[in-house]
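Student: I have a structure open on my screen, and I would like to learn how to read it. Could you go through some features with me?

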Amino acid sequence: MKPYEVWEGNHWLYASSWDTLEEASQEANQQNTVHNSRYFLRKINESGQYLDKSKW
């Protein structure tokens with residue numbers, strides 16, 4: 001399981017998973033530019049739970 005996910009914020013659709021925060025941020029920024037949308041990042045811990053962004 002990759003710890004960082006990119007989600008499309010307008011419809012809350014999963015887009016992709018990444019190993020590093022840098023790669024995930026880059027993908028979200030690229031998708032926001034291409035689709036003029038609101039892609040965002042989520043981080044998952046080892047048990048599969050999503051973490052609050054303040055705990056990254």
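Student: How many residues lie between β3 and β4 in their hairpin, and which residue in the turn has a positive phi?

Tutor: Before we start, keep in mind that this is a predicted model. In the hairpin, five residues separate β3 from β4, and the turn residue with a positive phi is Gly48, at about 90°.

Student: In which sense do β3 and β4 run, and how many bridges join them?

Tutor: For strand pairing, we look at the bridges and the direction. Strand β4 covers residues 50-51 and runs antiparallel to β3, with two bridges joining them. One place to look is Lys43, which stands opposite Leu51 in β4.

Student: Which strand pairs with β3 over five bridges?

Tutor: That is β1, residues 4-8, which pairs with β3, residues 39-44, in the antiparallel sense. Find Tyr4 and you will see Lys43 of β3 opposite.

Student: What about the loop between β3 and β4: is Asn45 buried or exposed there?

Tutor: To decide, we compare the relative accessible area with a cut-off: buried means under 20%. Asn45 lies in that loop, and its relative accessible area is 17%, so Asn45 is buried. Leaving aside neighbours within four places in sequence, Asn45 is in contact with Met1 and Leu51.

Student: Now the helix. What span should α1 have, and how far apart are its end C-alpha atoms?

Tutor: The idea is to count 1.5 Å a residue and compare that with the model. The 15 residues of α1 should span 21 Å, and the end C-alpha atoms are 21 Å apart, so the two agree.

Student: Which residues of α1 are buried, and where do they sit around the axis?

Tutor: The buried ones are Ala24, Glu27, Ala28 and Gln31. They cover an arc of only 100° around the axis, so they are on the same side of α1. These buried residues pack against β1, β2 (13-18) and β3. On the other side of α1, you will find Glu22, Gln26 and Thr33 exposed.

Student: What does Gln31 touch?

Tutor: Not counting residues up to four places away in sequence, Gln31 touches Asn36 and Tyr39. Its side chain also makes a polar contact with the side chain of Glu27, at 2.8 Å. With a relative accessible area of 18%, Gln31 falls under the 20% cut-off, so this residue counts as buried.

Student: What phi does Asn36 take?

Tutor: Look just after α1: Asn36 takes a positive phi there, about 50°.

Definitions and conventions:
Residues numbered from 1 in each chain as written. Predicted model: local features only at pLDDT ≥ 70, side-chain atom pairs only at ≥ 80, totals over all residues. Heavy atoms only, no water. Pairing = 2+ DSSP bridges. Helix = DSSP H or I, 4+ residues; strand = E, 2+ residues; numbered from the N terminus. Buried < 20%, exposed > 50% of the residue type's maximum accessible area, 1.4 Å probe, protein only. Polar contact = N/O pair within 3.5 Å; in protein donor to acceptor, adjacent residues only side chain to side chain. Contact = heavy atoms within 4.5 Å. Expected span 1.5 Å × (residues − 1). Arc of directions from axis to C-beta.
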